[in-house]
Amino acid sequence: MFNLLVTIPTLPLAHWIDSFVDWLTQFAGFFGVLTNFIGTIVNAFQAVFDFIPIWLFIILIMALTWYLKRGQKYRSLLIFELVGLLLIWNLGFWRDMTQTLTLVLTASLLAIVIGIPLGIWAAESKTVSAIVKPLMDFMQTMPAFVYLIPAVAFFGIGMVPGVVASVIFAMPPTVRMTQLGIEQVPADLNEAAVAFGATSWQQLIKVQLPFARGTIMAGINQSMMLALSMVVIASMIGAMGLGTKVYFAVGRNDAGGGFVAGLAIVILAIILDRITQSLNRTR
């Protein structure tokens with residue numbers, strides 16, 4: 001009896017990826033421009049939050065909630081927002097909260113700007129859909145920590161790489177739900193629009209997007225929540241905010257400090273979730 005030992009050579013996959021990353025570094029100028037662009041958005045959001053007095057910020061959030069939830073039960077949410085935001089202020093986490101909000105809003109904005117057109121394109125083209133679907137699967141299932149490595153290599157340390165990693169992780173729901181919403185538009189509506197002489201652009205703006213609005217907004221809501229889930233991970237590469245407080249508490253084995261910072265993240269998450277859900281219901 002012969003025992004045959006078959007040795008299969010290991011694919012140098014890690015080496016190939018390293019070579020590809022090294023090749024991309026020759027486009028440092030492009031990544032520099034992108035870093036400045038994202039940094040400008042981040043600084044703009046943060047400047048607005050720093051300019052608005054805390055008491056006025058709380059009033060504006062509650063006023064926005066009241067406006068969006070007219071005709072619905074909103075009193076309990078208003079009380080929660082008031083108590084929750086006052087608690088964050090009292091605990092000394094206000095600027096950390098606004099930094100976290102800046103990261104989430106910037107990442108969500110970029111995910112929307114990129115994701116919605118990509119989802120529309122995928123809905124209109126089977127070829128694009130065949131490419132986008134596995135790409136979104138890859139982006140959503142790859143461990144979020146992995147995104148930190150190329151983000152640091154191309155964008156350095158700070159808020160910008162945190163935003164980039166958050167966009168990559170959070171964008172798939174917006175793309176998927178936009179594609180789903182456009183594909184679910186009844187064929188007779190599209191045919192009626194064509195019969196009335198609508199161009200492809202008019203058909204998209206006046207028929208498809210309004211019909212798919214609820215589905216698209218659900219995707220945006222999920223993208224925003226995923227971006228918020230990245231704040232602790234992004235703190236590992238210098239993204240400031242509540243995630244940094246949690247990260248430092250873990251390093252110091254500070255259960256109380258970590259729980260309090262985590263509670264502030266939960267409060268912010270609930271407020272953002274309820275507001276985006278109200279935007280979906282507002283006509």
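Buried means under 20% relative accessible area, exposed means over 50%, and partly exposed lies in between, with a 1.4 Å probe and protein chains only. This is a predicted model, in which local features need pLDDT of at least 70, side-chain atom pairs count only at pLDDT 80 or more, and totals for chains, interfaces and linings use all residues. Residues are numbered from 1 along each chain as its sequence is written, and side-chain values use heavy atoms, with hydrogens and water left out.

**Overall architecture**

Helices and strands here are DSSP runs numbered from the N terminus (helices H or I, at least four residues; strands E, at least two). The protein has 14 helices and zero strands. Its C-alpha atoms fill a box of roughly 80 × 65 × 50 Å along the principal axes. Of the 283 residues, 44% count as buried. Contact is taken as heavy atoms within 4.5 Å. Among contacts with a separation of 6 or more, 78% join residues 24 or more positions apart. Accessible areas come from the Shrake-Rupley method with a 1.4 Å probe, and for residues only the protein chains shown count as cover. The protein exposes about 15,900 Å², of which carbon and sulfur atoms supply 71%.

**Annotated spans**

UniProt positions are given in the numbering used here, with shortened feature names, and the annotations may be inferred rather than shown by experiment. The unreviewed UniProt entry lists "domain: ABC transmembrane type-1" at residues 97–276. That span is 84% helix and 0% strand, and its end C-alpha atoms lie 18 Å apart. The unreviewed entry also places the feature "transmembrane region" at several spans, including residues 101–124 and 255–275. Residues 101–124 are 100% helix and 0% strand, with end C-alpha atoms 34 Å apart. Residues 255–275 are likewise 100% helix and 0% strand, and the end C-alpha atoms there are 30 Å apart.

**Nonpolar cores**

A nonpolar core is a set of buried Ala, Val, Leu, Ile, Met, Phe, Trp, Tyr and Cys residues joined through side-chain atoms within 4.5 Å. The largest one has 47 residues, and Phe 57, Leu 85, Ile 88, Trp 94, Met 97 and Val 163 touch the most other members. Helix α14 (residues 255–281) gives the most to this core, with nine residues. Leaving aside neighbours within four places in sequence, Val 163 is in contact with Ile 38, Val 42, Leu 103, Thr 106, Ala 107 and Leu 110. A second, separate core of 17 residues includes Ala 111, Val 128, Met 136 and Ala 144.

**Salt bridges**

Side chains of opposite charge can pair when their charged atoms come close. A salt bridge is a side-chain nitrogen of Lys or Arg within 4 Å of a carboxyl oxygen of Asp or Glu.

| Lys 245 | Asp 96 | 4.0 Å |

Lys 245 forms its salt bridge with Asp 96. Lys 245 lies in helix α13 and Asp 96 in helix α5 (residues 94–124), so the pair ties together parts that are 149 residues apart in sequence. Asp 96 is buried at 12% relative accessibility, whereas Lys 245 is partly exposed at 34%.

Arg 176 is partly exposed, with a relative accessible area of 28%, and Asp 137 is partly exposed at 33%.

**Surface patch and a loop residue**

Patches are made of residues with over 30% relative accessible area and no salt bridge; like charges are joined within 9 Å, and nonpolar side chains (Val, Leu, Ile, Met, Phe, Trp, Tyr) within 5 Å. Trp 55, Ile 59, Ile 79, Leu 82, Val 83, Leu 86 and Trp 89 form a nonpolar surface patch with about 690 Å² of accessible area together. Helices α3 (54–68) and α4 (75–90) each supply at least two of its residues, and α4 gives the largest share, five residues. Trp 89 is found in helix α4 and is partly exposed at 39% relative accessibility.

Asn 253 lies in the loop between α13 (242–251) and α14. Asn 253 has a positive phi of about 55° although it is not a glycine, and at 70% relative accessibility Asn 253 counts as exposed.
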